[in-house]
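Work through the exercises below with the sequence and the 3D view at hand. Each task is followed by a solution in steps.

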Amino acid sequence: MLRIHFTGADLARVHLAREPDPVWETLLSLHQLTAPRRGLPVFAHWRRTARAGLAAKGLAGPVRMLSVLAPASAPYWPDFLTPGASAGGLETAMEELRATPRPRLRRELDRLAGTRKLPRWAHDLAAGDRTVMEEIATAFRLVHRTVVAPDWAGTAATTEADRALRTRTLRDRGVHGLLDSFRPLMVWRPPVLHVRYPEDRDLHLGGRGVRLIPSHFCWNMPIGLADPALPQVLAYPVAHPATWAPEVTRERRAQALATLIGRTRARVLASLATTGTTGEIARRLGISAPSASEHVAALREVALAHSRRVGPHVVHTLTPLGAALLSGDLPAQRPTVLADWS
């Protein structure tokens, strides 16, 4: 159990992350890939795709490097791997990572070495080898690009759904209500937040507050920093609905789209993946030319289709938004439940 002690000043400094944290998601996604007993069904489709991507790009080395430093199911991994600047994006985080002071590297890696045997390069890192540090930053970029970024929209969707719920609770019930909304994962007994955790310890915030990070790949229990002197964060798992994007097959997505906009209009939208004239679309789908024209016009009105005259013909095609709707890769939009609070 982790007991987080709040003061009045801490309650005024509780922040909810605006979007998924790329560094936390990268490390926690690796845990989903490498933990020996973590065959969670919700990640089954993603896991197959991610492993195939890593194998195709020959990224066993970067995966191994990050997994040595932040092994799955480990009671400890160094805090320098999750810099606070990650709230500003992956590249900002990598800048802070590379700037980690040598005494801190030594301290945190010595602690890690006390839990398991480390390879030679990890000891070189502890001694301040900047070449190794650059390799770690590169590993973060490669792994993130391969296993997290391809479905960043799905990751953003699950975390944004949680964020919308929490911000609504904040609006209606205040910070106390927000902290109480995490049951049974965390239990708020003012002024202490009791968090299910792999070790038993107390954390006194001392007026610094805490940044709460809803995480797509976090599972079972929240994860925080080991060093109580650092600005504190707490990554926590979010719910994954059955309709989470990686689990939705192409056929199911097509059925859902047909329900949303109508079967014929959905077929017209899909046909626009191949550029065509009104007559060509009508012949492909076995509908009348006036019907095809009507459906294309409706799709054009909502920016899903684009029409352009080329010589004697008007040619229709998908817009980027139309293509994203077909693929299910729509960018996540933040609901206007509450003004940004972070």
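Buried means under 20% relative accessible area, exposed over 50%, and partly exposed in between, with a 1.4 Å probe and protein chains only. This is a predicted model, in which local features need pLDDT of at least 70, side-chain atom pairs count only at pLDDT 80 or more, and totals for chains, interfaces and linings use all residues. Residues are numbered from 1 along each chain as its sequence is written, and side-chain values use heavy atoms, with hydrogens and water left out.

**Exercise 1. Describe the protein as a whole.**

Step 1. Take the secondary structure, where helices (H or I, at least four residues) and strands (E, at least two) are DSSP runs numbered from the N terminus. The protein has 14 helices and 11 strands.

Step 2. Turn to burial: 48% of the 342 residues count as buried.

Step 3. The accessible surface is about 16,600 Å², and carbon and sulfur atoms hold 56% of that.

Step 4. Look at contacts (heavy atoms within 4.5 Å). Of those between residues at least 6 apart in sequence, 69% join residues at least 24 apart.

**Exercise 2. Which residues form one aromatic cluster with Phe43, and how does Phe43 pair with Phe217 and with Trp219?**

Step 1. Set the rule: rings of Phe, Tyr and Trp (its six-membered ring) pair if their centres lie within 6.5 Å; planes under 30 degrees apart count as stacked, over 60 as edge-to-face and the rest as tilted. The count by this rule is seven aromatic pairs.

Step 2. Phe43 and Phe217 are stacked, with 5.4 Å from centre to centre and 25° between the planes. Phe43 sits in the loop between helix H2 (22-34) and helix H3 (44-57), while Phe217 sits in the loop between strand E6 (210-215) and strand E7 (223-224), 174 residues apart.

Step 3. Check the accessibility of these two. Phe43 is buried at 0% relative accessible area, and Phe217 is buried at 2%.

Step 4. Phe43 and Trp219 are edge-to-face, at 5.6 Å centre to centre and 70° between the planes. Trp219 lies in the loop between E6 and E7 and Phe43 in the loop between H2 and H3, so this pair ties together parts 176 residues apart in sequence. Trp219 is partly exposed, at 32% relative accessibility.

Step 5. The cluster consists of Phe43, Trp46, Phe217 and Trp219.

**Exercise 3. Is Thr26 buried or exposed, and what does Thr26 touch?**

Step 1. Locate Thr26 in helix H2.

Step 2. Its relative accessible area is 0%, so Thr26 is buried.

Step 3. A polar atom of the Thr26 side chain lies 2.6 Å from the backbone oxygen of Pro22.

Step 4. Leaving aside residues up to four places away in sequence, Thr26 touches Phe140, Val143, His144 and Val148.

**Exercise 4. What is the strand order in the open sheet of three strands?**

Step 1. Two strands pair if DSSP finds at least two bridges between them. The order is E9-E11-E10, with antiparallel pairing.

Step 2. Strand E9 (276-277) and strand E10 (305-310) are the edge strands, each pairing on one side only.

Step 3. E9 is joined to strand E11 (residues 313-318) by two bridges; Thr277 has Val315 in E11 as its bridge partner.

Step 4. E10 is joined to E11 by six bridges; Ser307 has His316 in E11 as its bridge partner.

Step 5. E10 and E11 form a hairpin with two residues between them, and Gly311 in the turn has a positive phi of about 65°.

Conventions
Accessible areas come from the Shrake-Rupley method with a 1.4 Å probe; for residues, only the protein chains shown count as cover. A polar contact is a pair of N or O atoms within 3.5 Å; within protein, one must be able to donate a hydrogen and the other to accept it, and residues adjacent in sequence count only if both atoms are side-chain atoms.
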